[in-house]
Amino acid sequence: MAIVVSYDEAILSRKQRIRDDGNWTARVDYLVSPPDAPERPQAFISEQGPGRHLPTHFHYTDQFQVFIRGGGTNGHHPISPYQVHFARKHTPYGPLNADQDTGCWFFTLRPRRDPGAQYLSENREKLESIPNRMPWQISADVRFPADSIAASSAQIEGVDDERGLAGTAISLRSNASTLAPSAQNSDGQYIVVLEGSIVYGGKEFDSKTLVYVAPGEAPFELVSGAKGMQAVALNFPRAASCSANPPAQRSPAAQEAGDEADREFNVWACVLCSFVYDEAEGLPSEGIAPGTRWEDVPEEWCCPDCSAKKSDFEMVKI
Ligand SMILES: [Fe+2]
């Protein structure tokens, strides 16, 4: 049976701390995965006070983050509500810098217990010694479908892989219902109610209510209250059955540009998080024009996902 936890219930667990850098953080537990039951799902809201700096780190479990309030940056990526970040286990990301004025609030959602952040650079050797690592991450903005019909849903672009990773944005008008996507071919599913409310077991649960659906369970029936509802359903991918890293993929446009170049464009990948820099595509969002050779990328440039140095990239043959 699905587990439903309301914000009102979770907030009772809120613990605030002053960190070494003088900034505050707080944690609101929804689902606790104790050391003696590590297979239980683990979910909480992390509140990062204004200016809080969370260094680049990785985890031992797959993880979704859903940004719900405030802003800042994750690596080079601006963060804002509502945005989803998925990182496979053993994938470094960050640093996470909370906005100087507003701070930053986000859900952290895991299929099972994680022992805690493994910070780089002190844990770099530990990271590189993990066999058959398949690092990968994606950040995606959530766009809710227009509520022109009672129930509508849309895939969250980019949040998918060959092992069942999936993200779906769901809108319900008032007093409507729909079945959430199946969790059958996943490693578990979270549904985060971001706006409005749901009705479950005869009670109304306001945002930010959290639902956990285990892999073998039937699809969860979402029923909205009088204000309607907007939610995201997030499916974890099944465990990998292959041991090799997926080959870097070149986009059709980059392939075409590469074909037309006098000499072949190369592709470089971050050895820590597998972020790919394709010389043919460049990185216009970072001011690096298409066709910029690796040797012409500024020395001070660093990985937009995990902040690794340029020297932490290796050429990938396609
Ligand atoms: Fe990286």
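**Exercise 1.** In which strand does Gln 118 lie? Work out its surroundings as well.

*Solution.* A word on the ground rules: this is a predicted model, in which local features need pLDDT of at least 70 and side-chain atom pairs count only at pLDDT 80 or more, while totals for chains, interfaces and linings use all residues. Residues are numbered from 1 along each chain as its sequence is written, and side-chain values use heavy atoms, with hydrogens and water left out.

Step 1. Find the element: Gln 118 belongs to strand β13, residues 118–119. Strands (E, at least two residues) and helices (H or I, at least four) are DSSP runs numbered from the N terminus.

Step 2. Check the burial. Gln 118 has a relative accessible area of 10%, so this residue is buried; buried means under 20%, exposed over 50%, and partly exposed in between (1.4 Å probe, protein chains only).

Step 3. List the partners. Setting aside neighbours within four places in sequence, Gln 118 is in contact with Thr 56, His 57, Phe 58, Tyr 60, Asn 123 and Lys 126, where contact means heavy atoms within 4.5 Å. Phe 58 is 60 residues away along the chain, yet the two C-alpha atoms are separated by 5.2 Å.

**Exercise 2.** Is Pro 237 buried or exposed, and which residues does it touch?

*Solution.* 

Step 1. Apply the cut-off: the relative accessibility of Pro 237 is 1%, so it counts as buried.

Step 2. Collect the contacts. Not counting residues up to four places away in sequence, Pro 237 touches Asp 62, Phe 86, Asp 161, Arg 163, Gly 164, Leu 165 and Asp 187. Gln 137, 100 residues apart from Pro 237 in sequence, is 12 Å away in space, C-alpha to C-alpha.

**Exercise 3.** Now zoom out: which domains does the assignment of the protein give?

*Solution.* 

Step 1. Read the bounds, which come from an automatic or database domain assignment: domain 1 (3–139), domain 2 (144–235) and domain 3 (252–316).

Step 2. Relate two of them. The centres of domain 1 and domain 2, taken over C-alpha atoms, are 22 Å apart. Their contact takes 24 residues from domain 1 and 26 residues from domain 2.

Step 3. Finish with the whole protein. It has three helices and 24 strands, and 51% of its 318 residues count as buried. Among contacts between residues at least 6 apart in sequence, 69% join residues at least 24 apart.
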